[in-house]
Amino acid sequence: TLAREISENLRLKLTGEERRRLTKRYTESSEAYHLYIKARFFLNKRLTETIERAAALFQQAIDVDPAFAPAYVGLADCYSLLSL
């Protein structure tokens, strides 16, 4: 039908590399990921106490998975905000 043809033409067509980038995981550790998400929650409150809590959680995520780059970025964000 015409509707199906239009739908298929509008559908996003991804290359293998594009598909891989969309599904990239920075860690295979669910524990590190959950610590990271919890740390971001506390960091976003922007209070000294919550930023310190976030820094501790980011460090725990790094301890669980030392290759988890976003946790290092979060920790750097904490240090940056605490220096203000």
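Which residues do ring pairs link into a cluster? Ring pairs join Tyr36, Phe58 and Phe68 in this way. The model is predicted, with local features requiring pLDDT of at least 70 and side-chain atom pairs counted only at pLDDT 80 or more, while totals for chains, interfaces and linings use all residues. Residues are numbered from 1 along each chain as its sequence is written, and side-chain values use heavy atoms, with hydrogens and water left out.

**Figure 1. Overall organisation of the chain.** The chain contains 5 helices and 0 strands, and its elements follow the order α-α-α-α-α from the N terminus. Helices (H or I, at least four residues) and strands (E, at least two) are DSSP runs numbered from the N terminus. Of the 84 residues, 27% are buried, a term that denotes under 20% relative accessible area, against over 50% for exposed and partly exposed in between (1.4 Å probe, protein chains only). Among contacts (heavy atoms within 4.5 Å) with a separation of 6 or more, 51% involve residues 24 or more positions apart.

**Figure 2. The aromatic cluster of Tyr36, Phe58 and Phe68.** The structure holds 3 aromatic pairs. Rings of Phe, Tyr and Trp (its six-membered ring) pair if their centres lie within 6.5 Å; planes under 30 degrees apart count as stacked, over 60 as edge-to-face and the rest as tilted. Tyr36 and Phe58 form a tilted pair, at 5.7 Å centre to centre and 55° between the planes. Tyr36 belongs to helix α3 and Phe58 to helix α4 (residues 48–64), so this pair ties together parts 22 residues apart in sequence. The pair of Tyr36 and Phe68 is edge-to-face, because the ring centres are 5.4 Å apart and the planes stand at 65°. Phe68 lies in the loop between α4 and α5, 32 residues from Tyr36 in helix α3. Tyr36 counts as buried at 16% relative accessibility; Phe58 is buried at 0%, and Phe68 is buried at 2%.

**Figure 3. Packing of helix α3 with helix α5.** The axes of α3 (residues 30–43) and α5 (residues 69–82) come within 10 Å and cross at roughly 20°. Axes are lines fitted to C-alpha atoms, for helices over the stretch in contact, and angles run from 0 to 180 degrees between N-to-C directions. The two helices are therefore roughly parallel; angles under 35 degrees count as such, over 145 as roughly antiparallel, 65 to 115 as roughly perpendicular and the rest as oblique. Their crossing is left-handed, meaning that the near helix is turned anticlockwise from the far one by less than a right angle (clockwise for right-handed). Tyr36, Arg40 and Leu43 of α3 meet α5 residues including Pro70, Val73, Asp77 and Leu81. The contact residues comprise 7 nonpolar, 1 polar and 2 charged, where Ala, Val, Leu, Ile, Met, Phe, Trp, Tyr, Cys and Pro count as nonpolar, Asp, Glu, Lys and Arg as charged, and the others, Gly among them, as polar.

**Figure 4. Packing of helix α4 with helix α5.** The axes of α4 and α5 come within 9 Å and cross at roughly 155°, which makes α4 roughly antiparallel to α5. The crossing of α4 with α5 is left-handed. Residues of α4 in this contact include Ile51, Ala55, Phe58 and Ile62, while those of α5 include Ala71, Leu75, Cys78 and Leu82. By class, the contact residues divide into 12 nonpolar, 3 polar and 1 charged.
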